[in-house]
Every structure is written in structure tokens, then in C-alpha cells.
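Here's a quick tour of a protein model for someone who likes contacts, angles and torsions. Have a look at the structure first, then read on.

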Amino acid sequence: MSGYQDSLLNELIVDNFAGGGGASIGIELAVGRPVDIAVNHDEDAIAMHKVNHPCTTHYQEDVFAIEPEKVTGGRPVGIAWFSPDCKHHSRAKGGVPVSKKIRGLSWVILKWALSHVAPRCIFMENVEEIQTWGPLKEIDGNTYPDPERKGETFNGFIAMLTNGISKSHPAFAEACEFLKITPDSEQGDRLANGLGYNVDYKVLKACDYGAPTIRKRFYLIARRDGQPIVWPAPTHGKGLKTYRTAAECIDWSIPCPSIFGRKKDLAVNTQRRIARGLDKFVLKNPRPFIMEMNYQNTAQDPEKPMTTQTTANHHYLITPEIVSISQTGSENRASSAKEPLRTICVKNEHCVTTPILTKFQQNSLGQQPEKPIDTVMAGATRFGAVMPYLTKYFSGEKQAGADINEPAPTVTGIDHSAVVESHLCVLRKNTDCKAMDEPLPTLTTSAGHFAQITTYIQKYDGSQNLKNWDKVRKLLNDYAGYSIAEDEILILEINGIRHFIADIGMRMLKAKELKLAQGFPIDYVIDIEPYIGKKYSEAKQVARLGNAVCPQVATALIRANLADLAYRKPLYTVKELNAAMCG
């Protein structure tokens, strides 16, 4: 970015709550030049932002300590972006006491709007629960949102930004408190009369604009230049470009260790989620899945956009591995089948779990039933089964397979339809498995990745090396409603070769994978240790990503509303951005 030349005639671009730079890079890809000013109180956030935005002036400060006229030098501001801390509004907060200070961070928007460099266009991003922002009440020394006054403060905030509010309104008093202004002062009068912005807000999903995550967020646009507010039309979805998915973000070359034989057994709830995901996505459904350990989230299809990432990584990858096994058990080898992924948090909670399929009474090497593309781990040849067939089995009798694009056969109390696929699993508190809603293009690049699969129960004589099948069987029996006897094995016949689930592997997703899932450019730097000369852990990287705005949404909003500032063509990578600034 060293070639960039600023002009005093340019309107400034300011990113408050800049974090690791999601909004900043999104804005820059829209306008083809750097963000001018970035503000964040956190040293680690500023460190990552500096590495990726060297032409930006950085302020490691409390946002309320920043004086707009001073940091801008009186120059006009064209774009001001605000992404206040959302955790004390989010429903994930539950019944935990909340901080009035953190909930009130959004008042800083009014500070900028009151200043002599009031931005021409303001953008705000937050969780959709910001719309319920209301007064707090005290219970036993703790503060909680007052459910009877839900949305009262939010409505007052909008009123002061637009047409005005009564000075007797509680929100007016709170705004003056945070902004340190006297209600009867000139600034207080301006707030009460309204700051004259045209305001609109909407909840948008990042996957609709090209990010491989379903992250859903509240966006507000306020402008004072008389131009209309424009909500960009989705570019991905039904009838549009195919949704990007979790699968394309995962590095399938990273091994997935077994969930069995650990120093500490997995929690019962985690085992239950894995078993249910195995049942739903490996035995009954032709797609892999991701499991989130978050509030009420279920397993997700890896062939769809990833679920929302937060500051903690709760996503775990679960994928079937195919192992070949001879009649004597002397040729056992395992290779993981790689599949897609879902959404992100500030703490790394993404893991990969893989059911291992082993060839039953065969001498050849096992192959993955759901191998995506060449991103899959190198090694033995594998069977691709990205979109296998569903097959009914009753009392050991196999019946004709059915196209997975057709309605599935009737499901009874015991599994009778089965397919084998790799899957993703996000392990977060109180979360279960659920399917992802979008297909993964990288999983269907060639016909060679499809396999017909039939599933049935068969007796065995115990002479084969079944590895961890007995533990897998117990998982299915205990948590997925199966009743498989000790001398029975669940057979998955793939292209005429019989396999069984020999093991289940699981690993947490890496920060570099979550970066892609959050929509950051592939060449955006998150491991900044070589640049700053000190350790910058995975946890810090994930925290920055979980707090980040999905760049694609920021790009779409800026290009739709500020065509006069937009770069002449779309930009997608840091390399393309540098070329635009140097050109």
C-alpha cells in the first residue's frame, strides 16, 4: 500500500471499533483506497489492523475519548463505520447481568453526528437484538434489561439521529450522560431537535452477498446528503449465484484425531451431538455436517454456508474416514474424507469430526465416500460420495437406491435410509447438529466424486479387526435410537465395496479456515507474529475474526450507497487492492 497518495480533497473514511479489520477491508475493496482512521481500545486488534492497513492512522483509545474534529483535522468525513460491542445485546448473553457502559457504546455515533465533521454517510453493524435496546433494572445488585421497556432506548437513539425527541425521554438523559453534555446546552438542544439524518435499518445475511457464512446482522444506514438509502440486492441465493459453503474454507490435509481413547472423555452432550450428526448426515443424508456448541444450534450440512462465528471458536469439523480392511485384518489403513464447514465466533470452537469407514473383507485401500476436490488430504485413493444415493434397508434386505434429489423414503423409528458423507460439527454450549442450507460447488466438480451407497445390518464372526466399531455402535445405540447387537455391524456398501464405520475423528477448525469462512480475502494476514515480533496466538486470531464484520456485506453497502466513491470494478483480494491504489 506504499504507493497510495492521499488528497486533501478526499472525504475521509473512519472505522470506529475497527477490530481486526473486517469492515475496513470491505470498505477498501469497495472504494479502492485505504481507510484513513481506525479506532479500537484493544492492543491485539490494533496490531492486526496495522499489519493489514499500513496507510491508516490508528488510535488505540476508548471511542468516547476520540475528538472527531481533532483526529480529522477538520476535513470532511464521507464514511463513518461503527460496529459497537454487541455481546450485551446478543441473545447468547442469556440471563447474565449486563454492562450499561458496553450497551451504551452506540451513543458514540451521536458524538460524531453532533461534530463539525458530521459524516455524510454513517453505517452501523450490530446483532439484530440491538433493536430491543432498552433501560436496565437492578435485581439483587445486578443489572438486567427491563423486558417491559424493550426497544425504548433504541427508538430514542433513532429519534435523536433524525427528527428529535422530548428532553424528558429517558434515552435523551442517557445520551447526554454518555456524551458528557448538559441537556440545556447548545448540543443538548441539537440532540433534542434531531440531527436531520435520513435513517433506515435492516437485517442482512452475509451469505447473500458472497460470504461463505450465514452470519446474520443488523445494519443501519444514516445519511445527510439528501441521497436515498439503497439496500444492495443479494448476489447469491435461489436464482442467483450459488451460495459459497463451509467446505471450500477447510484445509482437508489436516489430520482428524479419533474421539476415542482421549485422556479425558468427551462430555455426554458432545457425544450425543456427534451420534445424532452421524445418524442424520452419514447414515440418512448424503451430506456431511458441522456441529455448533452454541445456544440451540444443531448440526449443519457442510455443503452450505457456515454458521455465525463468534469470538470463541465453537465449530468442530466431523468427517467420515474410509479405512480398508482385509479378511485377516492385516491391511488396515485410514484416510479422512474431507468435507465443508459453517459460521464463526471470537473463541475457537470449531472442530472436525470424522466417522472412519473401513472396507469390510476387502484387501484394497479405503476411499473417502465424500471427497470434495484436490483440497482433500493426500494419501490413498478414496471414493468420492458428495451426493450419493439413499438406500432403504429392512431386516438386512437391501432395496433399490433412490436419487437424493428426490423425496426420501418414509423414515421409521429405526434408520432404514442411509448414505455416507463427511461432515462438519460445531461444538458449542447447548448446541446440536443441523443441516447447512446451501450446496458446496467444490464437492461436485466431477462425476468421479459420486458413489452409490447402500446401508444394512449384517452379522459378523469377530475375525476382522473392527478398530473402534464397538464404540461407534455404542454411540449410535445410546444417543441415536439404534439397537445394533454386539455381533452385528452396520455395513455401508459404496460402489459395490462394503465398508463400516471404524472410527470417528474430530478436530477444531483453525483460524486460517475461519478467516475464509468469515469472508476475509485469502491474502489477508491474521497470523501477524512474523510482523510484530511476538506471539499472536490462535485464540487472539479467532477473537478478531469472531468480532469482525463480513467484508462482503460492507463492500456491498458502500458500493450501493456511495457510487461516487466506489472503485470502477470489483476487487476481491489485498493484492488487487494494492494494484488499484498504485495505479
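This is a predicted model: local features need pLDDT of at least 70, side-chain atom pairs count only at pLDDT 80 or more; totals for chains, interfaces and linings use all residues.

What follows goes from the sheet to the helices, and then to a few individual residues.

## Ground rules

Residues are numbered from 1 along each chain as its sequence is written, and side-chain values use heavy atoms, with hydrogens and water left out.

Helices (H or I, at least four residues) and strands (E, at least two) are DSSP runs, numbered from the N terminus.

## The sheet

Seven strands make up an open sheet: 7 strands in the order β3-β2-β1-β4-β5-β9-β8, with mixed pairing. Two strands count as paired if DSSP finds at least two bridges between them. The edges belong to β3 (57-59) and β8 (198-205), each with a single partner strand, so one side of each has no neighbour in the sheet. On average, neighbouring strands here are turned by 15 degrees against each other, direction ignored.

Zoom in on one pair: β1 and β4 (residues 77-82) run in the parallel sense, with 5 bridges between them. In that part of the sheet, aspartate 15 sits opposite tryptophan 81 of β4.

## Helices on the sheet

α2 lies across β1, β2 (37-39) and β3, and runs at about 180 degrees to β3. Angles here run from 0 to 180 degrees between N-to-C directions, and axes are lines fitted to C-alpha atoms, for helices over the stretch in contact. Helix α14 (residues 551-561) also packs on the sheet, where it touches β4, β5, β8 and β9 (216-223), and its direction makes about 25 degrees with that of β9. Contact means heavy atoms within 4.5 Å.

## Where α2 meets α13

Two packed helices are described by the angle between their axes and the distance between the axes. For α2 (residues 43-52) and α13 (residues 538-547), the axes come within 10 Å and cross at roughly 80 degrees. That makes α2 and α13 roughly perpendicular to each other; the label covers 65 to 115 degrees, while under 35 counts as roughly parallel, over 145 as roughly antiparallel and the rest as oblique.

On the α2 side the contact uses Asp44, Ala45 and Met48, which meet Lys540, Gln541 and Arg544 in α13. The residues of this contact divide into 2 nonpolar, 1 polar and 3 charged. In this scheme Ala, Val, Leu, Ile, Met, Phe, Trp, Tyr, Cys and Pro are nonpolar, Asp, Glu, Lys and Arg are charged, and the others, Gly among them, are polar.

How much of helix α6 (residues 152-161) is buried? The count is 8 of its 10 residues, so α6 is largely enclosed by the rest of the structure. Buried means under 20% relative accessible area, exposed over 50%, and partly exposed in between (1.4 Å probe, protein chains only). Among the buried residues of α6 are Phe154, Phe157, Ile158 and Met160. Their cover includes α5, β5, α7 (170-179), α8 (186-193), β8 and β9.

## Two buried polar side chains

Arginine 120 lies in the loop between α5 (108-114) and β5 (121-126), and counts as buried at 14% relative accessibility. Its side chain makes a polar contact with that of glutamate 11 (2.8 Å). A polar contact is a pair of N or O atoms within 3.5 Å; within protein, one must be able to donate a hydrogen and the other to accept it, and residues adjacent in sequence count only if both atoms are side-chain atoms. Leaving out residues up to four places away in sequence, arginine 120 also touches others, including Tyr197, Asp225 and Asp564.

Serine 83, in the loop between β4 and α4 (100-103), is buried at 12% relative accessible area. Its side chain makes polar contacts with the side chains of tryptophan 81 (2.8 Å) and glutamate 125 (3.2 Å).

## Two positive phi values

Most residues other than glycine have a negative phi. Phenylalanine 17, in the loop between β1 (12-16) and α1 (22-31), has a positive phi near 55 degrees and is buried at 15% relative accessible area.

Aspartate 140 also has a positive phi, of about 55 degrees, but is exposed at 76% relative accessible area. This aspartate 140 belongs to the hairpin of β6 and β7, which has 2 residues between the strands. The two strands, β6 (residues 136-139) and β7 (residues 142-145), run antiparallel and are joined by 4 bridges, with leucine 136 opposite proline 145.
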